[in-house]
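Here is a short briefing on a two-chain model. Please look over the sequence and the structure first.

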Amino acid sequence: MLTWIVRRLFQAFFVVVAMTVIVFVGVHVIGNPVDILISPEADQAERARIIAEMGLDQPLWKQYFFFVNDVLHGNMGRSFVFNEPALKLIGSRMPATLELAVTAVLFSICFGVPLGLYAGLKPDSVAGRAIMAGSILGFSLPSFWVGLMLIMTFAVHLGVLPSTGRGETAAMFGIQWSFLTWDGLRHMFMPALNLSLFNISLVLRLTRAGVRETLPMDYIKFARAKGLTPRRVILVHVLKNIMIPVVTVVGLELGSTIAFAVVTESVFAWPGMGKLIIDSINVLDRPVIVAYLMMIVLLFITINLVVDIIYTILDPRVRLETKA
Amino acid sequence: MMARGVRTIVRLGVVLSGLTALSGGSVMAQSLAIASSAPVTSIDPHYHTFGPNASLHHHIYEPLIQRDAPGNLKPGLATSWKLRDDKTWEFKLRNVTYHNGEKFTAEDVAYSLDRVPKVKNSPASFQIYTRAVVAVEIVDPQTILLKTATPYPLLPQDISQIFIIPRSLGAEPATEDFNNGKNAIGTGAYRFVSYRPGEKIELERNDTYWGEKPHWKTVNYRIISNDGARTASLLAGDVGIIEFVPPVDIPNLRKDSRVSLSEVVSNRSIFLWLDHSREGPTPFVTGPNGEILEKNPLKDRRVRLALSIAINRQAIVDRVMENTAIPTGQYLRPGAPTYVPDLKPQLYDPERAKKLLAEAGFPKGLRISLHGPNDRYVNDAKIIQAVGQMWQRIGVQTTVEGLPWSNFVARAGKQEFSAFLLGWGVSSGEGTNPLRAQIATWNPQRGLGTANRGRYSNPAVDTLIDQAMATMDDGAREKIVQQAMRMAMEDVPVVQLHLQKNIWATRKGLSYEARVDEETLAMGVKPTK
């Protein structure tokens, strides 16, 4: 187990290194942040001075070398735009994204699994068919459109929910969270629902497919023949066995929901990391882009690790160590 | 069943909205929520020359010279200013106090001017506005002299960009300490309360403010960059005013009884640059059959004029811009200082355009690729598409390419394009600014032609610009500037298209005095009645 984790971390290290190189080269090819940030009225000498101050006049390999050197000294660089440490900037935006993504994933489990179970157990009922038809919409409607429709319906016409923003927050562990206040929860409901629509559909379909596949199996028939209650058959024997693909997908989707919540965040003016990274890419704020992507790589690797460990709990046949 | 369910939901909605209205009602009268369209990058007033920052900073800090809504200079922390001799400006200062109770004096002006070049890691420094000042002399706490190396008539315009902070902040105050509120101390109508990057800034009225007392006790300055979300939050009543109203929403908002609009023509013009930098072939212009041309046809005034009069500006303004712009033939808005009244937008005349092309030796037309950003100016990508279709009609086969600004601006700066769309906002509000930055020959040593991306060069105009910059008398200078602008524009260095309007939308019952400088100030939002 331990060697397996160490090997995983070693792989992660190479992924991070490769990613930073790609970002450095990529940003360099697109353009120069100074051209975007500088006052249009600045003259040529001023432009040259700022480029030199930011170290962008150095050859790319040298810039990369300075960056690596700084990282080894625990410094991830300062944002070109905000003049704040990149990590601090990302850290200040992270709670907003985390709570939104976690809520969205909870929504997708709470709605997706029961609905999928129902559709799988009663595939020919009207409700079962309606659930499946609805899930197609969940997949195919663009989320910015759904977001705006939610705002138009609940905020503009009905006036029951606030349209945008994060609302009141309260502190826990020194961090501001929205889910601790009623106003914050009201602000969070629509963006979380918007973010979870796709995942609800995904989890729902996976659950249904799993149920359909498992029901005709011998061990289910046997369990029934033994005289177990339908409740126990479904909750223990069916559900536990279809959880492996669901856990995989929920895990991966948690990662991508955190990393790419940008559409929902901008429609609802939710001050999360997704908004920060898109703004940073638009102005080529390299320190923030690099720090953010490094964090996301680590996040995905951690999630995969956790998912693999959950596998072993759910299915005793899965072993982490590969036999040499 | 279904219908009843919906009705219950609606009824629930009505009840809940009633509750929210009640809870928000009492606060509403005293607090204002503003939806700003772009993130404020810092609370430090000397860190980043950036419109959205200046808009917020004007609440907290003040410069010596302010601007009124139409863009004219008016006294700020200076009660008056005058020329002592050609190189010395005298400012008389107002007797006011900072938010922390300290007195504002001439020392603070010297301190602020001195700090500007020392701000660390600034991506767009305010030095460009303080550089002309070579010496500062404090006469008494209420009088200060600013000296320039050569006569410099635009000093008041430059000084209006510099916010004054108290010298008690000490040597080299850090930008981060402004963002956390420690150093966010000014003399403005509002005090800083809190800043959450990318989300909102909360402000509170400064009850000891020297000027007109603003109506709102608290201001919630929110950042909502998504266009649709900004409009929706106004319609939902979550904010009282939004800036940069998206043109697509304007026809509906005009009809909406919950909303009123206020607008003004800005000093931001949108135009097409043409490549003047190459004598030989220019990369994106070829003959009608794709053959490489030996000479750059854009160096011929007849070709440039043909491309200009082939464009139906009124159609672009009506259809593409939804009337959120007016056609123009110059950089400045009608009525601005140094505006040239007889310099009209080029009239649409496709027949004459064809004749001009034939005269220039291209009876069968040309092939052009027209480039432009697709995420920078209002409807930028749609504008170049419309222009492309209009050029097509005079026999210029046009392909259109919209690029992200981050990539576009780098390539435009290297003269990689032949014809491309750009915009220019005249921050000083008068003509020497576009003449020096856009029209003057590119000259890094003298800092001229800095935004001359087409590398236009006209020695006669250059001479007039130099002459204007050495003329301290405002009236005489205005005449020279107008002459230079007319001479330049008649040579068609750029194809002027339109001037954007700045548009704000407020909830019914509020009004906003539309500002030429695009700033959204809580001080300008007032209840009607």
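Trp81(B) sits opposite Phe91(B), which belongs to β6(B). This pair is part of a predicted model. The strands β5(B) and β6(B), the latter covering residues 88-93, run antiparallel and are joined by 6 bridges.

**The four-stranded sheet of chain B**

- An open sheet of 4 strands has the order β5-β6-β8-β7 in chain B, with antiparallel pairing.
- Its edges are β5 (78-85) and β7 (133-140) of chain B, each of which pairs on one side only.
- On average, neighbouring strands of this sheet are turned by 20 degrees against each other, direction ignored.
- Helix α3 of chain B, residues 106-115, packs on the sheet. This helix touches β6, β7 and β8 (143-148) of chain B. The direction of α3(B) makes about 165 degrees with that of β7(B).
- In a regular strand, side chains alternate between the two faces of the sheet.

**Strand β19 of chain B and its partners**

- Strand β14 (residues 259-274) of chain B runs antiparallel to strand β19 (residues 419-425) of chain B, and 7 bridges join them.
- Trp273(B) has Phe420(B) as its bridge partner in β19(B).
- Strand β17 (residues 366-373) of chain B runs parallel to β19(B), with 2 bridges between them.
- For His371(B), the bridge partner in β19(B) is Phe420(B).

**A loop residue in chain B**

- Thr150(B) lies in the loop between β8 and α5 (155-159) of chain B.
- Is Thr150(B) buried or exposed? Thr150(B) counts as exposed because 10 C-beta neighbours lie inside 10 Å, and the cut-off for exposed is 12 or fewer.
- Thr150(B) and Arg446(B) are 296 residues apart along the chain, and their C-alpha atoms are separated by 13 Å.

**Chain A overall**

- Chain A contains 13 helices and 2 strands.
- The C-alpha trace of chain A spans about 85 × 65 × 35 Å along its principal axes.
- Of the 324 residues in chain A, 39% are buried.
- Take the contacts in chain A between residues at least 6 apart in sequence: 71% of them join residues at least 24 apart.
- The average pLDDT of chain A is 83, and 98% of the residues score at least 70.
- Which element of chain A has the lowest mean pLDDT? Strand β1 (residues 170-172) of chain A has the lowest, at 73, while α5(A) has the highest, at 88.

**Where the chains meet**

- Chain A gives 51 residues to the contact and chain B gives 46 residues.
- On the side of chain A that touches chain B, at least two residues each come from α2 (33-37), α3 (44-53), α5 (86-121), α7 (143-157), α11 (262-267) and α12 (273-282) of chain A.
- That side of chain A has 28 nonpolar, 12 polar and 11 charged residues.

**Helix packing in chain A**

- The axes of α5(A) and α12(A) are 7 Å apart, and the two helices pack at an angle of about 135 degrees.
- α5(A) and α12(A) are therefore oblique to each other; angles over 145 degrees would count as roughly antiparallel.
- From α5(A), the contact uses Leu89(A), Ile90(A), Arg93(A), Met94(A) and Thr97(A). From α12(A), Met273(A), Gly274(A) and Leu276(A) take part.
- By class, the residues of this contact between α5(A) and α12(A) are 5 nonpolar, 2 polar and 1 charged.

**Buried loop residues in chain A**

- Val283(A) lies in the loop between α12 and α13 (286-314) of chain A.
- Val283(A) is buried because 21 other C-beta atoms lie within 10 Å, and the cut-off is 20 or more.
- Not counting residues up to four places away in sequence, Val283(A) touches Pro33(A), Ile36(A), Leu37(A), Val81(A) and Ser406(B).
- Val283(A) and Ile309(A) are 26 residues apart in sequence, and 40 Å separate them in space, C-alpha to C-alpha.
- Leu284(A) is found in the loop between α12 and α13 of chain A. Leu284(A) is not a glycine, yet has a positive phi of about 55 degrees. Leu284(A) counts as buried, with 24 C-beta neighbours inside 10 Å.
- Asn83(A) is in the loop between α4 (60-72) and α5 of chain A. Asn83(A), although not a glycine, has a positive phi of about 55 degrees. Asn83(A) is buried, with 22 other C-beta atoms within 10 Å.

Methods:
Residues are numbered from 1 along each chain as its sequence is written. Chains are lettered from A and ligands numbered from 1 in the order in which they are written. This is a predicted model: local features need pLDDT of at least 70, side-chain atom pairs count only at pLDDT 80 or more; totals for chains, interfaces and linings use all residues. Two residues are in contact if their C-beta atoms, placed from the backbone, lie within 7 Å. Ala, Val, Leu, Ile, Met, Phe, Trp, Tyr, Cys and Pro count as nonpolar, Asp, Glu, Lys and Arg as charged, and the others, Gly among them, as polar. Two strands pair if DSSP finds at least two bridges between them. Axes are lines fitted to C-alpha atoms, for helices over the stretch in contact, and angles run from 0 to 180 degrees between N-to-C directions. pLDDT is the predictor's confidence in each residue, from 0 to 100. Angles under 35 degrees count as roughly parallel, over 145 as roughly antiparallel, 65 to 115 as roughly perpendicular and the rest as oblique.
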